[in-house]
Every structure is written in structure tokens, then in C-alpha cells.
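Morning, everyone. Please have a look at the model on the screen, and then I'll walk you through it.

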Amino acid sequence: MQTCEKCGNQCFDNERYCSACGEQIKNLKRLQCDYCGTVAVNLKSNVCPSCGAKLAFDLITFSENARTCLYCNEKTAPEARFCGMCGTRTLFGERSAAEYKDKLRRRRVTIISLSIIGMIVLGISVIFAVIMHDERVYRESEEARYSEYLSESEARSQQEAEWAEEAKTAEYTKYTAQELADNAGYVKVGEYVEVTGKLITRYHGFSANNMEILATEENDGRGEINLTPYESEMGDMLADNHAFGDTVTLRGRVSNVFPTIHNVWVTWYEEVTE
């Protein structure tokens, strides 16, 4: 046996080309005829150049499984990819090469498919991360706004409680509903007023926060007094005890003024029943 210097494959003594890679074998083994003793190198056939006897090269010459090269008709090993005599690719080699190419193709398809799937998964992961980040930022923003709202509500409630306490000893300026509407341009926010007028509109429900509206009498549609109870129970009581057209007197603090439309908002703390 002789060894291919390129791939290390073990080749038969009569092979001039490697049956595995097709590389031409260098430093061919010197062959001796069993009949006449002639030494032959670089043979072009499997016969002795002196006596014409068939040279017995290993067992390939007599193997029942040996294949025949379609190009030079020399016998080759069943698993040989190239003919050892002429270097032509065998049918087994062609089939092996085709299978190898198909394997490479399927491997490339697999790699491309996995790459596409990986990109899709990565894209979904990025989108999910962005959504989660936005959700977290939004949630933190909502929590911050809600916390700020609670703080403002608490501060407003505390302020309203202080105003309600001050209302117990405050000096009230007395107005009829008509007078308060007519003097909207002179009434200041924070002023304590006592308003008397007819109850002509009333909201008694959760959606309106139990807001009671005290409006002026007929005055060509100009001006109105809006009163919001300090506590919802006060609004419930006023709504339950009075009907449209009843004259009521309420004490409270001016919370807002719209002089151009003669509209005054009052947070009221008590009803004068004397």
C-alpha cells in the first residue's frame, strides 16, 4: 500500500491517482513482476512490460466487489471516488459528490432558515422589550400623575377644611342671587357670601358630584350662581328637602368668578334656616 501525500488515504500499489481525492501520487512504489522479475515504474497498464504477465497488485485485481472505470476500464475499489489509474471520478464518486452538494445545500437552507427565525425572534424580542419599556414608563408616569393628583387632592381637601373652619366665624356679605350675579365683576375669590334665591336647577346624582345650582330669577337670561356643597351629604340633604322654585339661603366662599357672563361659583358650607 502507498499513502497519498495530500489527504493521507491508503492507496493500492498499482494506483497512480488517489482514489479518495484524485490527486496524482508521487514517488510511486516500485513494482516487480512475479514471473520474470522485471521491475516496472509508472505503469500505463496492469501487465508486465517485459513478459506481458498480469501484475498481481494487492487484492483489488481479484476482488469480486471491484468496479470498472468507465473511462479506462481498469478495476477500482467499490468505495473509490476516483479511478486509481486515470484519475477520473467514478460513479460512486459522482454520487458521493452529489450527496455532498445536496448536504451542503440542505445545510445552507437550514442555516438561512435558522438565521431568519433568529432575526424574527430577535425582532419580536426587541419589540416586546420596547413595549415593556414603554409600558413601564407609562405605568411610572401614571403612578407619578396619580401620586401628584392625590397630593393635590389632599392639599385641596386640607385647604377646604381650613376654609370651612374659617367660615364658622367669617363675616358674610349678604346678596340676593340677582345682586351677586350683577356684581360679578366686583366679587373676589375667597370672599364669604350669603346668597338668597330660588332653586331653579338641581343635579342630584353621583355623576354631577351632587352639585346644586342656585340661579337668579328672571333677568333676561343674564347671570347665574353655581353652588357646590362642601360635602356631598349636604347636597343630598338640600336635594331631598327642597323642590324647584323653593327660596333658599346658603352661606359659602367664592371659589371662582366669570364677570363677562355674570357667573359666580360658590362653595357653600351651610344653609341658613332661621
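**Salt bridges, rings and a surface patch**

Let's start with glutamate 270, which counts as partly exposed because its relative accessibility is 34%. On that scale buried means under 20% relative accessible area, exposed means over 50%, and partly exposed is in between, with a 1.4 Å probe and protein chains only.

Some ground rules. This is a predicted model: local features need pLDDT of at least 70, side-chain atom pairs count only at pLDDT 80 or more, and totals for chains, interfaces and linings use all residues. Residues are numbered from 1 along each chain as its sequence is written, and side-chain values use heavy atoms, leaving out hydrogens and water.

Back to glutamate 270. Which residue does glutamate 270 form a salt bridge with? Arginine 251, with the closest N and O atoms 3.5 Å apart. A salt bridge here is a side-chain nitrogen of Lys or Arg within 4 Å of a carboxyl oxygen of Asp or Glu. The pair links distant parts of the chain: glutamate 270 sits in strand S13 and arginine 251 in strand S12, 19 residues apart. Strands are DSSP runs of E, at least two residues; helices are runs of H or I, at least four; both are numbered from the N terminus.

Arginine 251 has another partner. It forms a salt bridge with glutamate 194, the closest N and O atoms being 2.7 Å apart. That pair also links distant parts of the chain, with arginine 251 in strand S12 and glutamate 194 in strand S8, 57 residues apart. Glutamate 194 is buried, at 8% relative accessibility. Arginine 251 is partly exposed, at 26%.

Now helix H1. Arginine 145 and glutamate 142 both lie there, three residues apart, about one turn of the helix. They form a salt bridge, with 2.0 Å between the closest N and O atoms. Elsewhere, Asp102, Arg105 and Arg106 are linked in a salt-bridge network. The whole structure has seven salt bridges.

On to the rings. How many aromatic pairs does the structure hold? Two. Rings of Phe, Tyr and Trp (its six-membered ring) pair if their centres lie within 6.5 Å; planes under 30 degrees apart are stacked, over 60 edge-to-face, the rest tilted. Tyrosine 172 and tyrosine 192 are edge-to-face, 5.9 Å centre to centre, with 80° between the planes. Tyrosine 172 is in the loop between helix H1 and strand S7, and tyrosine 192 is in strand S8, 20 residues apart. Tyrosine 172 is buried, at 17%, and tyrosine 192 is buried too, at 10%.

Tyrosine 230 and tyrosine 269 make a tilted pair, 5.4 Å centre to centre, 55° between the planes. Tyrosine 230 lies in the loop between strand S11 and helix H3, and tyrosine 269 in strand S13, so the pair ties together parts 39 residues apart in sequence.

Also in strand S13 is threonine 267. Threonine 267 is buried, at 11% relative accessibility. Leaving aside residues up to four places away in sequence, threonine 267 touches residues including Tyr230 and Arg253; contact means heavy atoms within 4.5 Å.

Finally, the totals. The protein has three helices and 13 strands. Of its 274 residues, 30% count as buried. Among contacts between residues at least 6 apart in sequence, 43% join residues at least 24 apart.
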